[in-house]
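User: I am new to this structure and would like to understand the terms used for it. Could you show it to me and then take me through them?

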Amino acid sequence: MASPVTKLEPKKIYLKDCSFESPSSPHIFARGEVQPKMEVQMTIAHTRIEADHNFFEVVLKITVTATHEDTNLFLAEIQQAGIFGVQNLAEDRIEMVLEVACPHMLLPFAREELAGLVAKGGFPQLLLNPVNFEAIYQQKKEKEARSVEPPADARPN
């Protein structure tokens, strides 16, 4: 008998939170076009919302800070969320799906929201680069593995 098919199904995609701050406007616009230095930070959070049915909320939070010289141009933050149903997946594989496949589905929505916020703030188009969520997940797991290893002087010879 064949094993049941694993299923990942987005049930709802929604904007959970967003904010935009431009502390240097309107004065920064008097300088003309500036090439901002962008810093992008990204986090992924997930919670089980219905234990019996394997529904999870996944939140992709992206924060973009733009500066020019010593001036803060803007801070834009998006929390793009989704509710996902996961069926027939081993418990030890769920975290990987929630941190790789789900953010991959959320990213296009977050990109669009961020681009709109930044444009409405009067700044040049913001294009986020593609993200390799699998590599980010692997780095996280490697870091976790290193943090639980005993110190070298405590290991048996």
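Analyst: Helices H1 and H2 cross in a right-handed manner, a crossing being right-handed if the near helix is turned clockwise from the far one by less than a right angle, and left-handed if anticlockwise. The model is a predicted one, in which local features need pLDDT of at least 70 and side-chain atom pairs pLDDT 80 or more, whereas totals for chains, interfaces and linings use all residues. Residues are numbered from 1 along each chain as its sequence is written, and side-chain values use heavy atoms, without hydrogens and water.

User: Why is H1 called roughly antiparallel to H2?

Analyst: Helix H1 (residues 91-120) packs against H2 at an angle of about 150 degrees, with the axes 9 Å apart. H1 therefore counts as roughly antiparallel to H2, a label for angles over 145 degrees.

User: Which residues make the contact?

Analyst: With contact meaning heavy atoms within 4.5 Å, H1 contributes Glu-95, Met-96, Glu-99, Val-100, Pro-103, His-104 and Leu-107, while H2 contributes Phe-133, Glu-134, Tyr-137, Lys-140 and Lys-141. By class, the residues of this contact are six nonpolar, one polar and five charged.

User: How do you know that the span of H2 is close to the expected one?

Analyst: Helix H2 (residues 133-148) has 16 residues and covers 23 Å from first to last C-alpha, which is close to the 22 Å expected, the expected span being 1.5 Å times one less than the number of residues. At its start, a side-chain oxygen of Asn-132 comes within 3.2 Å of the backbone nitrogen of Glu-134.

User: What makes the pair of Glu-77 and Thr-63 a polar contact?

Analyst: Their side chains approach to 2.9 Å, and a polar contact is a pair of N or O atoms within 3.5 Å, one able to donate a hydrogen and the other to accept it. Glu-77 belongs to strand E4, and beyond its neighbours within four places in sequence it touches residues including Asp-17, Lys-61 and Leu-114.

Note on methods
Helices (H or I, at least four residues) and strands (E, at least two) are DSSP runs, numbered from the N terminus. Axes are lines fitted to C-alpha atoms, for helices over the stretch in contact, and angles run from 0 to 180 degrees between N-to-C directions. Angles under 35 degrees count as roughly parallel, over 145 as roughly antiparallel, 65 to 115 as roughly perpendicular and the rest as oblique. Ala, Val, Leu, Ile, Met, Phe, Trp, Tyr, Cys and Pro count as nonpolar, Asp, Glu, Lys and Arg as charged, and the others, Gly among them, as polar.
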